[in-house]
Amino acid sequence: MTSQALHSPNFAFLFEHDPMLVQVAAFAERYVFDDANAALFKLRLLGELLARQAAAYSAFEVADRDNFSMGLSQFS
């Protein structure tokens with residue numbers, strides 16, 4: 001984890017919950033203008049991490065293969 005990633009004015013509040021959330025969110029923030037695809041990838045990762053934490057907090061079982069791509073085939 002780099003110190004630069006942890007100094008995000010928009011996502012620093014997440015540090016008390018999980019430093020990994022701050023790292024991923026800050027990288028998405030940093031990449032947003034230089035590499036939009038990388039920023040979207042990091043935002044998806046952030047969403048998956050948040051969903052996993054919400055499931056853990058609510059005592060839902062989440063398999064390792066569960067991610068945001070499940071069920072997308074029904075839309076194509």
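K42 touches V24, F27, A28 and Y31, with residues up to four places away in sequence not counted; contact here means heavy atoms within 4.5 Å. The model is a predicted one, in which local features need pLDDT of at least 70 and side-chain atom pairs count only at pLDDT 80 or more, while totals for chains, interfaces and linings use all residues. Residues are numbered from 1 along each chain as its sequence is written, and side-chain values use heavy atoms, with hydrogens and water left out. K42 lies in helix 2, where helices (H or I, at least four residues) and strands (E, at least two) are DSSP runs numbered from the N terminus. K42 is buried but has no salt bridge, and D35, the nearest side chain of opposite charge, is 10 Å away. Buried means under 20% relative accessible area, exposed means over 50%, and partly exposed lies in between (1.4 Å probe, protein chains only). For charge, Lys and Arg count as positive and Asp and Glu as negative, while His and the chain ends are not counted.

The structure holds one salt bridge, defined as a side-chain nitrogen of Lys or Arg within 4 Å of a carboxyl oxygen of Asp or Glu. Side chains of opposite charge can pair when their charged atoms come close. The salt bridge joins E48 and R44, whose closest N and O atoms are 3.1 Å apart. Both E48 and R44 lie in helix 2, four residues apart, or about one turn of the helix. E48 is buried, with a relative accessible area of 18%, whereas R44 is partly exposed at 36%. Helix 2 itself covers residues 36-57. R44 and V24 are 20 residues apart in sequence, and their C-alpha atoms are 9.6 Å apart in space.

V24 also belongs to the largest nonpolar core, which has six residues in all: L14, L21, V22, V24, A25 and L46. Helix 1 (residues 19-31) supplies the largest share of this core, four residues. A nonpolar core is a set of buried Ala, Val, Leu, Ile, Met, Phe, Trp, Tyr and Cys residues joined through side-chain atoms within 4.5 Å.

S8 is placed in the segment before helix 1 and is buried, with a relative accessible area of 4%. Apart from neighbours within four places in sequence, S8 is in contact with A26 and E29.

A59 lies in the segment after helix 2. The phi angle of A59 is near 65 degrees, a positive value in a residue other than glycine. A59 counts as exposed because its relative accessibility is 68%.

For the protein chain as a whole, there are two helices and zero strands. Of its 76 residues, 24% count as buried. The accessible surface of the protein chain comes to about 5800 Å², and 60% of this belongs to carbon and sulfur atoms; accessible areas come from the Shrake-Rupley method with a 1.4 Å probe, and for residues only the protein chains shown count as cover. Among contacts in the protein chain with a separation of 6 or more, 20% are between residues 24 or more positions apart.
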